[in-house]
Structures are given as structure tokens and as C-alpha cells.
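Please find below my notes on the two-chain model that you asked me to look over. I have kept to what can be checked against the coordinates.

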Amino acid sequence: MPAIGARLAVGRRMEVGVEGNGQGPVVEVRDLVKRYRKAKVNAVDGVSFAVRRGEVLGLLGPNGAGKTTTVGILTTRVRRTGGTACVSGVDVGVDPVRARRLVAVVPQRNNLDRSLSIRQNLLFHAAYHGVPAAERTRRASELLEEFGLADRADDKPDMFSGGQAQRVMVARALMHAPEVLFLDEPTTGLDPAARLFVWDRVRDLRARGVTVVLTTHDMDEAAELADRVGIMDHGKLLALDTPAALTRGLPGRTTLEVAVALDGTSAEELVAELGVIDGVERVERVAAATGPSAPPRELRARLYLLGEAPAMVAPVAELVVRHRAQLTDVTIGAPSLEDVFIALTGRALR
Amino acid sequence: MSTTTSPVTTPVRRRPAGGPARAFLAVLWRDLYVTGRELPVFLAQVVLQPLFLLFVFGKVLADLGFTQPGYTRVLFPGIVALTAVVTGLQSTAFPLVIDFSFTKEIEDRLLAPLPVGLVAVEKVVFASMRALLAALVMLPIGVWVLGSIPWPASGIPLFVTVLVLGCLVGSCLGMIMGTAVPPNRINVMFALVLTPLLFTGASQYPWASLDNLRWFQVVTALNPMTYVSEGMRAALVPDVPHIRPWVSVLVLVATIVVSLAVGIRLFLRRAVD
């Protein structure tokens, strides 16, 4: 386990975390610490990461991991205790007013202005940010159209469902063309359809090159939307990489499940020989299928692998053939971000 | 819907100068716009209480002969003072409690490009404007209910000064209430603060006349509203014994400075973790 931790450790990775495109990272956080008043532990405890322009970064972790606090600091709503946090080179703690021009946040809860219509929510937001009148009117119309809100533009937000309010808040956030869009738990509490809509919007934003930082405690969401995922727990960033790279770094988490129709061969013997194939960590027998259609003598086994699963199919098949048995089914079990989380923290995400 | 024309990624043209000042005005404009749209409701809400006080104490009791002739002259300036202070107080306290604890609507303004302290100042400015409007509406209402109101031309500069200070005092105290009181205590708090405030502010009696009721005179001296009421009397009915105007003005200015400083501190504590 410590080996995994070391492999995934984020500290050394920092310097190579951002490819040099001449512009530097849009978001840069170094050794960030936050301790709330009267709290005994740090809510954010020495977090460092950087976000490239146009990248979608997902911060994944359970409630209380420090994700929202990190976003709060970057959006100037939370005062940091230590470290630095910059957006487009502006230190958010030193010059929060300038930083607010560069960021936009879609919060967990609906905080739309209930005294104003949807269109007015967008217009006033832009006015706060100094967008000239003609431009904000045009932009509001375009965004309302694009987000499918045009026909409801004059409705008040209290008539909106959670998913619709979410959509309005994303549109509002884009009114002042922020450098980074922060989405705090964008799909928590949404129904599946609204969730898929938000996912589509984020993919859309990524396609258009908007830099997005999103927090989530849903590993599917992180894997689905983020170019890179940062795994947080107890205020620390435990790992940060692409979902593929994170799961690749998990020995014994990639599995190959095989079904073999035995033809006089001893199951025990086959299991033993599978276990000594180079790259197989261990073999576990799985209950064979039962019922009238099940083959009379079948072995089902799960192989825990040290490396990549596809490369192991050939040696396994070869072994089975040598035993004059028949390979009837092969399933590759890819490790999930959940497995990464378990490997890093020793417990499940939910 | 082509990518090139999409507003999602088009950079926005911003006004180059006057950032925070412009943001401040936009935030103020939002509040004025919302109030303007529901002006009749707003006026009914803030004017009804002073109207009834004026009607019952100034008209009904006077007509029934329970009050001395001339009491309405004492009462009217006090009611204007009460309207200014209480409207100011309610216009900051209520919205702040609701915003910070429930709707979170204020968040979008806290993320506007202006110092968070200026958002607090905007709340005070806006609440004072509401209070000013409510107090000024009491002038025609006074004429309507009482038949006439004391309105000496020589007192108008002092009247305006005390009125503006009274609106600010109420708004600043409301800011403290709205940000200091935990949301679950707010009902109790309003009952415990508002009612004593209404009746210890020398609104319905001149402060000097309390000489025989010494302890109550001391209590009323602690209520900033007393100095608004007394300042109003100094302006509108100078023949009624009153606290010297410069004392009233000085106390009010000092109260505004202190309570605004405290209010902004508390506001910042709520707005930024």
C-alpha cells in the first residue's frame, strides 16, 4: 500500500503537472492550508495543484474532504490560513477584487436572486462585473438561447426545478466570461436526467475550451467529465492524474475473469497453474454458473493482475488449451476510481 | 450555434475604469430596482405602524380629550424619527438575516468585483434611502391625519440633517442585528429589541419631561433614537424643551461611526469564512 501512495504522490508531480504553453497555469495552488475558526483540524491541509487552460479538473472526495473549502478559497469566499492560491497569476488572497473578475462559481445550492427574473439575474450579474449595457443584453439573450432557457427568461427562479436552476446558474456564471468556472457538486441532489444535462454542459464547456474545476463525491462523474482527477480526503490531495493513469497505478486491482469448460482436467490443478503465470498476483475461484443451461463442469476464476489485463489473455488461453480445456468466457475487470480511493485511504468512498 | 459566435467563450468587453465604484452602483441599482417595483407594498409595510401611532395618539386620544392640546406637536416629530430609525433598521436587518441564513441570494453580490466591505456599505446606503423615503412620506400623512404639522422654515436644515443621520443610525444598527444574531434566534431577537426600541426612543414624549422618572430618562438616553426624536423637535417645535441640537447630532454621528465599523466587521465575518 505505501508503494501505491508513493507512486501516486502528487508532490513531485507538481512541476510537470502543467505543460508549458507559454501562458502558465490558469489556477495554481501551493501548500494551501485552511483552518476554520474553532476547528481542531485543518479543513485543507497543504494542498498543491495546477490547472491548465481549457482543462477540466475534478476534485473527488467524500464530504468534508476539503473540496468545497478549496473552491471557496479560489473564489475568494474563504480566507486561507496558509499557502498561495492564484488565478491567472492573481493571488486571490492579496487581490480578491481582481480575482473575482476572473472566476465564476456555480454553488451547490440555488442562490439565484428570487426578486429578479431569469434574464434579470443574468443582466444584473453582468452589471456587477462592469459589462456594458448593450453587450450584457446581447450576451444574456445568446446564453439563454444556448441553454434552452429563452422561453422562460421572464420567469422567476422559484418556479424552477433544481436542474433548471443549475442551468441558469451556469449561464449566469458565464455572463462575465470568467477564466475559470468552478462547479461545486454540480449534480448532487439532481434527478438522473438533470444530471446528464449538467454532464453534457460540462463536456460542451470543455469542447469550447472553458477551464473548469468541479468538485464531486461521485467517482463516475469525475471519471466521466474530468481530464484529470484529484483525490482528496481529510484536507489532503492524495493523488492527481488522468483517470486512466490513476487506475493504471493499481497493482492487483486489474482483474481477468475466466470461465473454462473443463474436459477431464482437474480444476485445482488449473487454478494452481494460473496462479504462477507471470503477472498474476493471485487467483480466486468464483462460484460457477448453475442451472440447466450451465455447462456440466465449469471453472470460473478471477485473476488479480499486476499489469494490464489485455496482455494476460493470451498466456491464460494458451495454458487452458494445453490442459485440453475450453475457454468459454473472458471478462476484463478495470479498476475504478473507487478502487483508487480505497487503495489510498483504506476505506470506501461512500 | 457555432463555436465562434458562442458567448460561452467569447471574451467580454469590460469598462476599463471605475471597477469597484461601478460594481457598487450596480449592486445599489439592483436593490433600488427591486424596491421600486414593489413600492406600494414597501410603503404600506413601513408606513402603517407610524400611521396608526399617529392616528391613535395624535388624533383619537386628542379628540377624546385624553391628551393635552399641543401634544400632537410633540408627537409628530417623534413619529418621523421613529419611522426613519425603524425603517432603516428593518431594511438592513431582515434582508441580511434572510440572505445569509436562507436564500444566499447575496452571494452573487459578494462575488462581484468590489471589496466585500463595500457590499455592507451598499446595504446601509440602500436601507437609509428606504428609511428616508418612508420618513418623508410621513409628512403628507401627518397633514392628512392631524390637519397640520409644525413646519418652520428655519428648522428645515436641522430637520434634514437629523433625518439623514436618523436613517443612517437605524440602518447601521440593523446591520449589526442582521449579522450578529444567529438565524434561529432572530424571531426572539426582533421581539426583544424592536419593541423596547420603539418605546424608549423619546418618540412619544420629550426627553426633558422625564425628569420625574429618572431611571427611565437614563434608559432612554441609551437609545440612539432618542437623539433623533429630540433633534427633530429642536428643528420643528423649538419651543418644546429638547436636548441641545449639537449634542444630538454629535451623539448620532458617533453612533453611526461606531456601529458602522462594528457592522462591517460582523458582515465580513459572515461573508468571508
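The numbered points below take up the basis of the model, each chain, and the contact between the chains.

1. Basis of the notes. This is a predicted model, in which local features need pLDDT of at least 70 and side-chain atom pairs count only at pLDDT 80 or more, whereas totals for chains, interfaces and linings use all residues. Residues are numbered from 1 along each chain as its sequence is written, while chains are lettered from A and ligands numbered from 1 in the order in which they are written.

2. Chain A overall. The secondary structure of chain A consists of 12 helices and 14 strands, where helices (H or I, at least four residues) and strands (E, at least two) are DSSP runs numbered from the N terminus. Chain A has 350 residues, of which 46% count as buried; a residue is buried if 20 or more other C-beta atoms lie within 10 Å of its own, exposed if 12 or fewer, and partly exposed in between, with the C-beta atoms placed from the backbone. Among the contacts in chain A between residues at least 6 apart in sequence, 72% join residues at least 24 apart, a contact being two residues whose C-beta atoms, placed from the backbone, lie within 7 Å.

3. Strand S7 of chain A. This strand, residues 180-184, is mostly covered, with five of its five residues buried. S7(A) runs parallel to strand S6 (residues 103-106) of chain A, to which four bridges join it, and two strands are taken to pair if DSSP finds at least two bridges between them. Within that pairing, Val105(A) is found opposite Phe182(A). S7(A) is also parallel to strand S8 (residues 211-216) of chain A, with five bridges between the two, and there Leu181(A) has Val212(A) as its bridge partner.

4. Gln166 of chain A. Leaving aside residues up to four places away in sequence, Gln166(A) touches Pro186(A), Leu190(A), Ala194(A) and Val198(A). Gln166(A) and Asn111(A) are 55 residues apart along the chain, and their C-alpha atoms are separated by 9.7 Å.

5. The four-stranded sheet of chain A. An open sheet has the strand order S12-S13-S11-S14 in chain A, with antiparallel pairing. Its edge strands are S12 (280-286) and S14 (326-333), each of which pairs on one side only, and the twist from one strand to the next averages 20°. Seven bridges link strand S11 (residues 254-261) of chain A with S14(A) in antiparallel fashion, and Ala261(A) stands opposite Gln326(A) in this pair. Helix H10 (residues 267-275) of chain A lies across S11, S12 and strand S13 (298-305), and runs at about 155° to S12(A); such angles run from 0 to 180 degrees between N-to-C directions, and axes are lines fitted to C-alpha atoms, for helices over the stretch in contact.

6. Chain B overall. Chain B has 10 helices and zero strands, and its C-alpha trace spans about 80 × 35 × 35 Å along its principal axes. Of its 273 residues, 43% are buried, and residues 24 or more positions apart account for 82% of the contacts with a separation of 6 or more.

7. A helix pair in chain B. Helix H6 (residues 156-180) and helix H10 (residues 245-271) of chain B pack at an angle of about 30°, with their axes 8 Å apart. That makes H6(B) roughly parallel to H10(B), a label given to angles under 35 degrees, while those over 145 count as roughly antiparallel, 65 to 115 as roughly perpendicular and the rest as oblique. The residues of this contact divide into 19 nonpolar, six polar and one charged; here Ala, Val, Leu, Ile, Met, Phe, Trp, Tyr, Cys and Pro count as nonpolar, Asp, Glu, Lys and Arg as charged, and the others, Gly among them, as polar.

8. The contact between the chains. It takes 34 residues from chain B and 36 residues from chain A. On the side of chain B that touches chain A, helix H1 (19-37) and helix H4 (107-110) are the elements that give two or more residues, and H1(B) supplies the largest share, eight residues. By class, this side of chain B has 17 nonpolar, six polar and 11 charged residues.
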